[in-house]
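I opened this one to go through a handful of residues, one at a time. Here are my notes, in the order I looked things up.

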Amino acid sequence: MTADEQKKAAALAALDYVKPGMKLGLGTGSTANHFITALAEKVKAGLDVQCVATSRATFELGQSLGLKMVTLEQQPYLDITVDGADEFDDKFQLIKGGGGALLFEKIVATSSKYMIVIADQSKKVATLGKFPLPVEVVPFGVNATAWKLERALRICGLKGRLVMRLKDGRPFVTDGGNAIIDISLGAINDADRLGNLLSVTPGVVDHGLFIGICGIILMGTDDGVKTFKKA
Ligand code: 5RP
């Protein structure tokens, strides 16, 4: 099975958790897109759900496929959010934000009773950190925020390379109007501590560590979809 087939299999498995009348958070990225497409087929067949998007791209996709898209202002309490991830470990800790939607993804996921991650098997890691950690920052004083981030890393005993994310040669702009600094760390041994330190760094809007948010992971593999449920 290719990684994309595994993503699709995980996305289809997530449909089992969707019940009529639910309010759903829809993630961002190629795996979430498989889910959105499959969900739209169910909706065409009569399923009634309302959906909140985690990005402009997801909103547009959902709308184009005929999903009932509402805002988080209209529906602040959601049943489930289904989203992809860049990495996850056996403590249900995630790195997200490869697609740049981490802020809205975290807001939507934490507005849901539970978050389901759908992923191919390459996303499962023993220790988070091989994937560069995205940190969403306010554009004002970005170089000052960068040295404060380096200081936060040192406090955690970490060393990382900070790279300003670019798109077409210009700073990447998130849907929230911010910039992203990607930090290559290699391994994050205490993700909770790092996440807390990043959260209190002035200039940081949010970071891609999702700790204590995800309850179920559906991972596509060559032997079918494996389900991990948090106790
Ligand atoms: C977007 C994300 C995505 O969920 C993550 O990048 C995974 O993407 P894909 O499903 O395309 O592999 O966090 O901000």
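Predicted model: local features only at pLDDT ≥ 70, side-chain atom pairs only at ≥ 80, totals over all residues.

I started with H207, which is found in strand β13 (residues 204–207). Residues are numbered from 1 along each chain as its sequence is written, and side-chain values use heavy atoms, with hydrogens and water left out.

Is H207 buried or exposed? H207 has 4% relative accessibility, so I put it down as buried. My cut-offs are under 20% relative accessible area for buried, over 50% for exposed and in between for partly exposed, with a 1.4 Å probe and protein chains only.

Next I looked at what the H207 side chain does. Its partner in a polar contact of 3.1 Å is the side chain of S199. The H207 side chain also reaches the backbone nitrogen of L209, at 3.2 Å. By polar contact I mean a pair of N or O atoms within 3.5 Å; within protein, one must be able to donate a hydrogen and the other to accept it, and residues adjacent in sequence count only if both atoms are side-chain atoms. Leaving out residues up to four places away in sequence, H207 touches L102, K106, P134, V135, G195, L198 and S199. Contact here means heavy atoms within 4.5 Å.

**T201**

I then went to T201, in the loop between α6 (191–199) and β13. T201 is buried, at 8% relative accessibility. With neighbours within four places in sequence set aside, T201 contacts K148, L149 and A152.

**N178**

N178 is in the loop between β11 and β12 (179–184). Its relative accessible area is 11%, so it goes in as buried. The N178 side chain has a polar contact of 3.0 Å with the side chain of E136. Among the residues that N178 contacts beyond four places in sequence are L103, V137, F172 and V205.

**Two positive phi angles**

F92 is not a glycine, yet its phi is positive, about 65 degrees. F92 sits in the loop between β5 and β6 (94–95) and is buried, with a relative accessible area of 10%. D168, also not a glycine, has a positive phi of about 50 degrees. D168 is in the loop between β10 (166–167) and β11 (170–171), and at 75% relative accessibility it is exposed.

**Rings**

How many aromatic pairs are there? I get one, taking rings of Phe, Tyr and Trp (its six-membered ring) as a pair if their centres lie within 6.5 Å, with planes under 30 degrees apart as stacked, over 60 as edge-to-face and the rest as tilted. The pair is F88 and F228: ring centres are 6.4 Å apart and planes at 55 degrees, so I call it tilted. It links distant parts of the chain, as F88 is in strand β5 (residues 87–88) and F228 in strand β16 (residues 224–229), 140 residues apart. F88 is buried at 1% relative accessibility, whereas F228 is partly exposed at 26%.

I also checked for charges over rings, meaning NZ of Lys or CZ of Arg within 6 Å of the ring centre and within 35 degrees of the ring normal. K96 lies over the face of F210, 5.8 Å from the ring centre. R165 lies over the face of F172, at 5.4 Å.

**The ligand**

Last, the ligand. There are 17 residues around it, the closest being S30, T31, D86, G97 and K123; a residue counts if one of its heavy atoms lies within 4 Å. A side-chain N or O atom of K123 is 2.7 Å from a ligand oxygen. Backbone N or O atoms also come up: one of G97 is 2.8 Å from a ligand oxygen, and one of T28 is 3.1 Å from a ligand oxygen. On its own the ligand has 380 Å² of accessible area, and the protein covers 91% of that. These areas come from the Shrake-Rupley method with a 1.4 Å probe; for residues, only the protein chains shown count as cover.

Terms used: Helix = DSSP H or I, 4+ residues; strand = E, 2+ residues; numbered from the N terminus.
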